[in-house]
Every structure is written in C-alpha cells, then in structure tokens.
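Work through the model below by question and answer. Each reply ends on the name or value asked for.

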Amino acid sequence: MDAQSMIKIEDIAHVRFRAPDLVEMRAFLEDFGLTIAESSEDRLVARGAGPAPAIHITERGDPGFAGLAFRAESLSDLERIAAAEGGAVEDLDLPGGGAVVRLSDPDGHRIEVVAGQAESDPIEVPAAQPWNRAGDHQRLRAVKRVAAGPAHVIRLGHAVLNVSNFRASERWYKDRFGFITSDEIQLSPEAALGAFLRCDRGETPTDHHTLFLAQAPSGPGFNHAAFEVADIDDLILGHERLKSAGRHAEWGIGRHILGSQVFDYWRDPWGHTLEHWTDGDLFTATDGAHVASLQELLGVQWGPASPPTMGA
Ligand SMILES: [Fe+2]
C-alpha cells in the first residue's frame, strides 16, 4: 500500500506547447476539433465542448512541449503542495482564472497544479443517437445522419511523458498526486518500463489513465496528449476531416488493449502527437492494479499495428 500522497488530483487540466506560427497552429487545432477560446499575438488558448475553460495552450516561440497541468480539488490543496515543495501559489493567467503552483518533475518537465478555475458554458454537441446492435435494435423508425466536419473534442483526458527513470518518476507523481497504477508494463518483474496511472477518486469511476509514464529508449520528452471526442462516428468523421486537410496521420483508427479506447493519433505541424479517443475504460480506486506486457501495450484489439515513430 502506498503512503498517503500530498494531495489527490481530480484530472488533467491542460497541456502547453510553443510554436512559431500561431495562425498555422490555429488552423490545425480547428481541423482537430478544438475551439479557440482566446487568440493574441503571443498566445492561443483552445478549449473543448466540455466545461474546462482551457485545455490546449500555445505560446509563440521555438516549437516544443511546454508542460502540463493537473487539477486539484481545492485551493487549500495548492497551499499544501506549495508548502511541501517550497513553491508559491500564484494567479493562473488563463480564461477562467484560478490559481497555480508550478513544479518541475525529475526530468525537468514543467508540471502545474491548478484549482479554482471558473467553468465555461459547455458548447452544444450533436445529441447521442441510438445504436442498432444485432439482436438489440434501439433505433426504430428513425434515420441516422451525422454531419461531416471536425470531431467534437469534449475534454483533455490524459498525457504520456517519456521519462529517464520510470521508478523515480512513478514515486514523484504518486507521492504528490495520489495516482493509482492501472496497468504496469513489465518485461520481467525486475524490469518495469512504465505504467498507466489513474486518479484516486474513491468510488467515483475515473479514466483508466490520466498519466502514462514511459521509460522510452529515446530519453525523456513529450509522448502524446489525448482528447476525448463525442463517440465513434465523431472520431471517424474527425479522421476524415484531418485526412482531407492533409494533416499528418500517426496511428489509427484502432482499439487499444490497455484502456480499451478507440484511438486515432495525429501530429501537429511541429510533430507533437495528439490523440482522439472514445469509449475508454473507467475504474474506481478499489479496482486494482494489473501487470501487462509490452505486446499488450503496443498491440491492438483491431486496427493497424503501431508505427515505429509512435511516442518519439
Ligand atoms: Fe493515449
């Protein structure tokens, strides 16, 4: 049993990037299905259709990953983290306001912990339509029509970081944020390569993973960030939109084994991998931890095999 963590985070909040051309980034994000919440000379802030006010932020600069944020339950949790880490609680300069504590993980990844953000009004998305499964016909005397266009990104769901020492990073993140292992990837009991980590939300089901730490041969860095879309039709329509816009397809469409999501990975104009996913697993704090193989990590239940460029 892990010792008590400093706080328990609720979810991932946002990911940050730098790019030299915000007009080009905006065009990509709109093809990807994000909504621009704020745009200036130096910064682009994008949201999904859900209540989070900001989930993808780009600052003008040399291209690269610039950090990620987790959402704490309360401002007093930020005070606790700040006191333990010798940091400060500062105002969060994003739509929705709130406060932030800025940390640096063992590989120097910039990690923010945020709280007190005001929710934005959700953006309306097409209503769910019943599904005619063989033997269980739910849609009777009604046609199904779905409109072409970008996917409807609802929320940011997880991020994957490549780390130099999995055990050191696992300790760092679990001690601070209360993560629970869903699946640990092992070559052997002595050789763990990474783990899918979920939030400790008690009896409230939460995503199979909010963070995945991977000890990658390429060394520490950003692997990918993943955005939940409305449903499978939405994911496929989003794929068609990105393809017709000439965007760089990385891997998909397929269904993962670990986490079970239907996935579709794309690259932004500077090579950062962003994922669309839907229909993932949700677990509570008592649903346990499992050991899995590299084959299960990279394998699919259906869909193309993972390309050698994935995660690099
Ligand atoms: Fe993912």
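Q: Is E275 buried or exposed in this predicted model?
A: The model is predicted, so the value is computed from its atoms. Buried means under 20% relative accessible area. E275 has a relative accessible area of 0%, so E275 is buried.

Q: Which residues coordinate the iron ion?
A: The distances run from 2.0 to 2.2 Å. Two donors are NE2 atoms and one is an OE atom. The residues are H158, H224 and E275.

Q: What spacing do the donors of the iron ion follow along the chain?
A: The donors are H158, H224 and E275. Along the chain, their spacing is H-x65-H-x50-E.

Q: How many residues apart in sequence are the parts that H158 and E275 tie together?
A: H158 lies in strand 11, residues 153-163. E275 lies in strand 19, residues 273-278. The pair therefore ties together parts whose separation in sequence, in residues, is 117.

Q: Is H158 buried or exposed?
A: The cut-off for buried is under 20% relative accessible area. H158 has 2% relative accessibility. H158 therefore counts as buried.

Q: What is the strand order of the open sheet of eight strands?
A: The pairing in this sheet is mixed. Its edge strands are strand 2 (35-39) and strand 6 (90-91), and each pairs on one side only. The order is 2-3-4-1-5-8-7-6.

Q: Which residue in strand 5 is the bridge partner of D11?
A: Strand 1 covers residues 11-19 and strand 5 covers residues 64-71. The two pair in the antiparallel sense over seven bridges. The bridge partner of D11 is R71.

Q: What angle does the direction of helix 2 make with that of strand 7?
A: Helix 2, residues 75-85, packs on the sheet. This helix touches strand 7 (99-104) and strand 8 (110-115). The angle between the directions of helix 2 and strand 7 is about 30°.

Q: Which residues is Q117 in contact with, leaving aside its neighbours within four places in sequence?
A: Q117 lies in the loop between strand 8 and strand 9 (132-133). Its relative accessible area is 19%, so Q117 is buried. The contacts are P53, L92, P95, G96, G97 and G98.

Q: How many of the nine residues of strand 12 are buried?
A: Strand 12 covers residues 180-188. The rest of the structure largely encloses this strand, because the number of its nine residues that are buried is seven.

Q: Which residue in strand 13 is the bridge partner of E184?
A: A hairpin joins strand 12 to strand 13 through two residues. These strands pair in the antiparallel sense over seven bridges. The bridge partner of E184 is A195.

Q: Which residue in strand 21 stands opposite D183?
A: Strand 12 and strand 21 (residues 290-292) pair in the parallel sense. Three bridges make up this pairing. Opposite D183 stands H290.

Q: How many Å apart are the end C-alpha atoms of helix 4?
A: Helix 4 has 13 residues, 232-244.

Q: Which residues of helix 4 are buried?
A: The buried residues pack against helix 1 (22-32), strand 16 (221-229), strand 17 (248-256), strand 18 (262-267) and strand 19. They are D234, L235, L237, G238, H239 and L242.

Q: Which residue with a positive phi follows helix 4?
A: At the start of helix 4, a side-chain oxygen of D231 reaches to within 3.3 Å of the backbone nitrogen of D233. After the helix comes a residue with phi near 75°. That residue is G246.

Notes. Residues numbered from 1 in each chain as written. Predicted model: local features only at pLDDT ≥ 70, side-chain atom pairs only at ≥ 80, totals over all residues. Heavy atoms only, no water. Pairing = 2+ DSSP bridges. Helix = DSSP H or I, 4+ residues; strand = E, 2+ residues; numbered from the N terminus. Contact = heavy atoms within 4.5 Å. Axes fitted to C-alpha atoms, helices over the stretch in contact; angles between N-to-C directions. Donors = N, O, S within 2.8 Å, 3.2 Å for Na, K, Ca; no water. Buried < 20%, exposed > 50% of the residue type's maximum accessible area, 1.4 Å probe, protein only. Expected span 1.5 Å × (residues − 1). Polar contact = N/O pair within 3.5 Å; in protein donor to acceptor, adjacent residues only side chain to side chain.
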